[in-house]
Amino acid sequence: MAGIVEFVQNLDTQVTEVAWSIFILAWAVGWALRGSPIPIFRVKRTGQDLIEDAILAAFWIALGTTVFSLITYIASQVGA
Amino acid sequence: MNSEYSPFYILYIAINISALTYVLGSLFYGLPIPLYGLKKWGPKMMSDAIYAAVWINIYGFIISFLNQLQTMLGINWDYFYNLLVNLEVQLFYLMTTLKSIYYIVINAQLSAAATLFIPLLQFSAFITDIILLIQFIIDLGIFIQNSYMLLIAIGVLLISLPFRMGKGIGGTLISSSMVFYVGLPYLPIFMKNMTGMYPQVQLQSITINELSTLVETIVGIIPSLIITFIIIPILYISILAGLSIGLGNTIGGTSGRLPFPLDLF
C-alpha cells in the first residue's frame, strides 16, 4: 500500500512537468500563430486564444500545485 | 483493522490523486490544440479536483456531524442492538414454546389434535423467517457501524479519480454510508411509531393457553407480525435507500458544484 502514495506522487510530479512544458509549447505556438505573416484572421485569432488559455492554465497550475502540495504536506505530517 | 487501510491513509492517497486530477486538468487547459472537446476537460477536471479536495478536508467534520445528528435524533447504536437482540430472544422463546407444544401433541398421539400439526409447523417456520430478517438487520447495522468511516473514505477516493471515473459510485457510497449510519438505528423507534407499541409488547401478548384456541390465536396474530417485522423494516430500509440515491445524486451529480467558474474565457 505504501507504494501507491509514492506512485501517485511521482505521477503528480511528472504530469506537472509535462503540464509546464505544454504551457511553454502552447505559449510559443500561440505567439507564432499570432505573429505569423498570414493575413488570415481566424488563424491569428486561434493564436490569441491559445495564448490566453496558456496563461490561464499556467496561473491555475501554479496556484493549484502550491495549494495541493501544502495540503498533502500537512496531511502527511498529520497522518505520519 | 490494519492501519495501512485506515480511512485517513485512504484520504492521504485521495488528496494525492486529486492533485493529479488537478494537474491533468490544467494540462488539458493549456493544450495547444484548438479542439474544444478535449480542452473542455481542463476546467472540468480542475473543478472536480477542488471538489474532491474539499470533501477530503471536511471528512472529519462530516464524521462528527453524523454523530451529532444521531445525538440530536436521540438514538444510538447500543439502543438499536439492545432492542433488536431483545426481540430476537422473544422470538426464540416463542418458537421454543411452539415446538414444545408440537412435540407434546405429537407424542401424546391425540387424533383430535392432528389438525394442529401443520399450522404449528408453518407458524414456527414463519417465526424463523422473522428471526432471520432481524438477524440480517443486526448484521447490516454491525457492518455499517464498523465500516462507515472506511466506506466514506473510499467514496472520496473514487470521487477524486481523474476523468470523473468514479464520481457516481463514489457519491452513492458516501451518501449510503451517511444515511444508513444515521438512519438505521432509528428503525426500532420507527417500528414503534408505526404500530403504536413496542414490538416486544406485541410478542408478549401472544399467550398460548388452550390448545383449542391455538389456531385462532396464530391466525389472529400473523397479520400484525407481518406488518411489524417484515413490511415496516423493508419499508424503512427502502426509504433510507431512496434518501441515499437522492443524496448520492447531490454529492456525485454532474451539476455545477463550485460556486465560482474556473473557465474565465
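Modeller: Because the model is predicted, local features need pLDDT of at least 70 and side-chain atom pairs count only at pLDDT 80 or more, whereas totals for chains, interfaces and linings use all residues. Residues are numbered from 1 along each chain as its sequence is written, and chains are lettered from A and ligands numbered from 1 in the order in which they are written.

Biologist: What makes up the secondary structure of chain B?

Modeller: Helices (DSSP runs of H or I, at least four residues) and strands (E, at least two) are numbered from the N terminus, and by that rule chain B comes to ten helices and zero strands.

Biologist: How do you know that the span of α1(B) agrees with that of a helix?

Modeller: The expected span is 1.5 Å times one less than the number of residues, so the 23 residues of α1(B), residues 7–29, should span 33 Å, and the end C-alpha atoms, 32 Å apart, agree with this. For α5(B), with 32 residues, the reach from first C-alpha to last is 46 Å, close to the 46 Å expected.

Biologist: Why is α1(B) called largely enclosed by the rest of the structure?

Modeller: A residue is buried if 20 or more other C-beta atoms lie within 10 Å of its own, exposed if 12 or fewer, and partly exposed in between, with C-beta atoms placed from the backbone. In α1(B), 21 of the 23 residues are buried, so this helix is largely enclosed. Of the 265 residues in chain B, buried residues make up 35%.

Biologist: What makes a set of residues a nonpolar core?

Modeller: The members are buried Ala, Val, Leu, Ile, Met, Phe, Trp, Tyr and Cys residues joined through C-beta atoms within 7 Å. The largest such core has 67 residues, and B:Leu11, B:Ala14, B:Ile56, B:Val156 and B:Leu157 touch the most other members. Its largest share, 15 residues, comes from α1(B). A second, separate core of nine residues includes B:Leu94 and B:Leu98, and both of these are buried residues of α5(B).

Biologist: Which residues form the contact between chain A and chain B, and from how many of each?

Modeller: Two residues are in contact if their C-beta atoms, placed from the backbone, lie within 7 Å, and the contact takes 36 residues from chain A and 25 residues from chain B. On the chain A side, the largest share, 19 residues, comes from α2(A).
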